[in-house]
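Subject: Structure handover

Hello,

Here is the structure I promised to pass on. Please open it alongside this message.

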Amino acid sequence: ATSHYARNVLQGFTFRPRKSTGDKFERMKPLSAAVENGNVLIPSGAPWAKAFINECAAVPNPKLHDDQPDAAAGAFSQLLRTVDPWDWT
């Protein structure tokens, strides 16, 4: 999947995949807390918003997909991370 994104989806962009570790529901907690506190805006008119919200609301139902909330939680964590601009590891 990573090589597909590097070759087809994100071609021309700097792309560094990060392996997820630990329990996915634990990884979702910071994003969930931010949403509950009103710190996340989801544009209601966006064509993807309803499907995204429905998928997030279904977590942690193991019978349903949770790819979108899992990816959003990973992106949220990366955005919150304190990054040293000189550290390229």
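Below is what I found, grouped by region. Please keep in mind that this is a predicted model.

**The α3/α4 packing**

Two packed helices are described by the angle between their axes and the distance between the axes. Here the pair is α3, residues 49-58, and α4, residues 67-80. Their axes are 8 Å apart and meet at an angle of about 90°. An angle from 65 to 115 degrees counts as roughly perpendicular, so α3 is roughly perpendicular to α4.

Which residues make the contact? On the α3 side they are Ala-51, Phe-52, Glu-55 and Cys-56. On the α4 side they are Asp-67, Gln-68, Pro-69 and Ala-72. By class, the contact of α3 with α4 has 5 nonpolar residues, 1 polar and 2 charged.

**Two of the α3 contact residues**

Ala-51 lies in helix α3 and is one of the residues that touch α4. Ala-51 counts as partly exposed, because its relative accessibility is 45%, between the 20% and 50% limits. Its C-alpha atom is 20 Å from that of Asn-39.

Is Phe-52 buried or exposed? At 13% relative accessibility, Phe-52 counts as buried; the limit for buried is under 20%.

**The aromatic pair**

The count of aromatic pairs comes to 1. Trp-48 and Phe-52 form it. The ring centres are 5.9 Å apart, with 80° between the planes. Planes over 60 degrees apart count as edge-to-face, so this pair is edge-to-face. Trp-48 is partly exposed, with a relative accessible area of 43%. Phe-52, as noted, is buried.

**The loop between α3 and α4**

Pro-60 lies in the loop between α3 and α4. A cis peptide bond joins Val-59 to Pro-60, with omega about 10°.

Asp-66 has 13% relative accessibility, so it counts as buried. Where does its side chain make a polar contact? The partner is the side chain of Lys-24, at 3.1 Å. Leaving aside residues up to four places away in sequence, Asp-66 touches Lys-24, Phe-25, Met-28, Glu-55 and Val-59.

Best regards

Note on methods: Residues numbered from 1 in each chain as written. Predicted model: local features only at pLDDT ≥ 70, side-chain atom pairs only at ≥ 80, totals over all residues. Heavy atoms only, no water. Axes fitted to C-alpha atoms, helices over the stretch in contact; angles between N-to-C directions. Helix = DSSP H or I, 4+ residues; strand = E, 2+ residues; numbered from the N terminus. Parallel < 35°, antiparallel > 145°, perpendicular 65-115°, else oblique. Contact = heavy atoms within 4.5 Å. Nonpolar A, V, L, I, M, F, W, Y, C, P; charged D, E, K, R; others polar. Buried < 20%, exposed > 50% of the residue type's maximum accessible area, 1.4 Å probe, protein only. Polar contact = N/O pair within 3.5 Å; in protein donor to acceptor, adjacent residues only side chain to side chain. Phe/Tyr/Trp six-rings, centres within 6.5 Å; stacked < 30°, edge-to-face > 60°.
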